[in-house]
Amino acid sequence: GQCASVCPTGALVVKSEREEVWEALQDESKTVIVQIAPAVRVAIGEEFGGKPGDIELGKLAAALRRLGFDKVFDTSFAADLTVMEETREFIARFKNNERLPIFTSCCPAWVKYAEQYHSDLLDNLSSCKSPQQMFGAVVKRFYAKELGIEPKDLIVVSLMPCSAKKFEARRKEFSHNGVRDVDYVLTTQEIARMIKEAGIIFDELEIESLDLPFGFATGAGVIFGATGGVAEAALRAAYEMLTDKTLEDVNFKAVRGMEGIKEATVNLNGTDVKIAVVHGLGNVKKLLKKIKSGEVEYHLVEVMACPGGCVGGAGQPFPNDTEARKERAAGIYRADRMLQIHKSQDSPVINEFYQKHLAKLSHDEIHHLLHTNYGNRRRIRGEEIHLTGSGLEEIS
Ligand code: SF4
């Protein structure tokens, strides 16, 4: 339906790419891989009679293979990579007291909002690409090579909770020679529809595992799907990077839950790190006002445009209400608890990835691969068709 393709912020209406994905799946000259965002696994079951928060990664993997995807991977792998990069960036800036607070940058609706209305804050945004885009950049560069194919013949499909991710995948800076890092983005509702169209009986599928190496993730990479998750994942890394001690209790509960603006102060090696977590653009607006007036001060601010974070994205199944969001978030934290590894820095896949691929690159090359920059979109309005008639106008 039309609602499936409408962004929560009312900003973006993007056509479904289901047809393009069907075509790619049938095209023998293409290798088609899929990445599953954290929030999708705890919501997809709702489309097939399940409850919000049911973790259906196993059945989803089975369904995707039946649809013809060659490999089933996890955006949470790239979220682990984001944690590593973002935490290092945070620590460097924290130590130098430079461009604080750092704002997270993995929600493209927030990034676009900042570009349109708060260009004075753009230097404070983390330069990290989002997990979706890190995933695309990494597989097009390294995985295509490993398979011995051209990046254009490796089709990357993302399963995402929102349409803002479609807009993000189309940003110019995430294409090279006309080849996008992420070719197509499908929302949870859209992939459910494809599974139904293919006549697959989801409930009756036997669960399957994801593929290695990019199907391997830690709990830190999975909690990205709920509000507070990115901050918590970064804290799990920052604690160990700053203190050289092992973090025993990984649960930073102060940043969890559905309160619109959450605050926490965490003592890291004798210094207090002040964190704010905000979700829902109305709350974002309120918090930014307070930050700009100097009423509040933070070192790190996690921002998600959707209420509840990505579990509440507008491409998620209906009803997408507070109750469903809460249950999905609970599912996200259960998924974390079920995994053996809860810290991105402990992931063998991440560590091997740094050694095997990134160690050979220069600082600039790594920056180009995993980081990005932002532009004042007011100035470039004429070129950006996405901006006209945007619902974001109303809340500015
Ligand atoms: Fe998309 Fe919402 Fe998540 Fe932002 S918070 S990435 S708009 S689902």
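Where is Phe318 found? Keep that in mind while going through the points below.

1. First, some ground rules. Residues are numbered from 1 along each chain, following the sequence as written. The model is predicted, so local features need pLDDT of at least 70 and side-chain atom pairs count only at pLDDT 80 or more, while totals for chains, interfaces and linings use all residues.

2. Back to the opening question: Phe318 sits in the loop between strand 10 (300-304) and helix 12 (322-338). Helices here are DSSP runs of H or I with at least four residues, strands are runs of E with at least two, and both are numbered from the N terminus. Phe318 counts as exposed because it has 12 C-beta neighbours inside 10 Å. The cut-offs, with C-beta atoms placed from the backbone: buried means 20 or more other C-beta atoms within 10 Å of a residue's own, exposed means 12 or fewer, and partly exposed is in between. Phe318 and Tyr117 are 201 residues apart along the chain, and their C-alpha atoms are separated by 30 Å.

3. Stay in that loop for a moment. Phe318 is joined to Pro319 by a cis peptide bond, with omega at about -5°. Pro319 also lies between strand 10 and helix 12. Another cis peptide bond links Leu212 and Pro213, where omega is about 0°. Pro213 belongs to the loop between helix 8 and helix 9 (219-222).

4. Now zoom out to the whole chain. You can look for 15 helices and ten strands. The C-alpha trace spans about 55 × 45 × 45 Å along its principal axes. Why does the radius of gyration agree with a compact globule? For 396 residues such a globule would have a value near 21 Å, and the chain has 20 Å. That radius is taken over C-alpha atoms, and the globule rule is 2.2 Å times the number of residues to the power 0.38.

5. Of the 396 residues, 51% count as buried. As for contacts between residues at least 6 apart in sequence, 76% join residues at least 24 apart. A contact here means that two C-beta atoms, placed from the backbone, lie within 7 Å.

6. Next, the ligand. It is surrounded by 14 residues, and the closest are Cys107, Cys162, Cys306, Cys310 and Gly313. To be near it, a residue needs its C-beta atom, placed from the backbone, within 6 Å. Helix 5 (108-117) and helix 7 (164-169) each give at least two residues to this shell. By class, the shell has eleven nonpolar residues, two polar and one charged. In this scheme Ala, Val, Leu, Ile, Met, Phe, Trp, Tyr, Cys and Pro are nonpolar, Asp, Glu, Lys and Arg are charged, and the others, Gly among them, are polar.

7. How do helix 4 (residues 75-95) and helix 6 (residues 131-147) pack, and at what angle? Their axes are 8 Å apart and cross at about 100°. The two helices are therefore roughly perpendicular to each other. Helix 4 brings Thr75, Ala78, Ala79, Leu81 and Thr82 to the contact, and helix 6 brings Pro131, Gln132, Met134, Phe135 and Val138. Seven of these residues are nonpolar, three are polar and none is charged. For the wording, 65 to 115 degrees counts as roughly perpendicular, under 35 as roughly parallel, over 145 as roughly antiparallel, and the rest as oblique. The axes are lines fitted to C-alpha atoms, for helices over the stretch in contact, with angles from 0 to 180 degrees between N-to-C directions.

8. Leaving out residues up to four places away in sequence, Gln35 touches Phe73, Asp74, Thr75, Phe135, Val156 and Ser158.

9. Helix 8 (residues 188-197) has Thr188, Gln189, Glu190, Ile191, Ala192 and Ile195 as its buried residues. They pack against helix 1 (18-26), helix 2 (38-41), helix 3 (57-67), strand 4 (154-160) and strand 7 (184-187).

10. Finally, a backbone detail. Asn177 is a residue other than glycine with a positive phi, near 50°. Its place is the loop between strand 5 (175-176) and strand 6 (179-180). Asn177 counts as exposed because it has 6 C-beta neighbours inside 10 Å.
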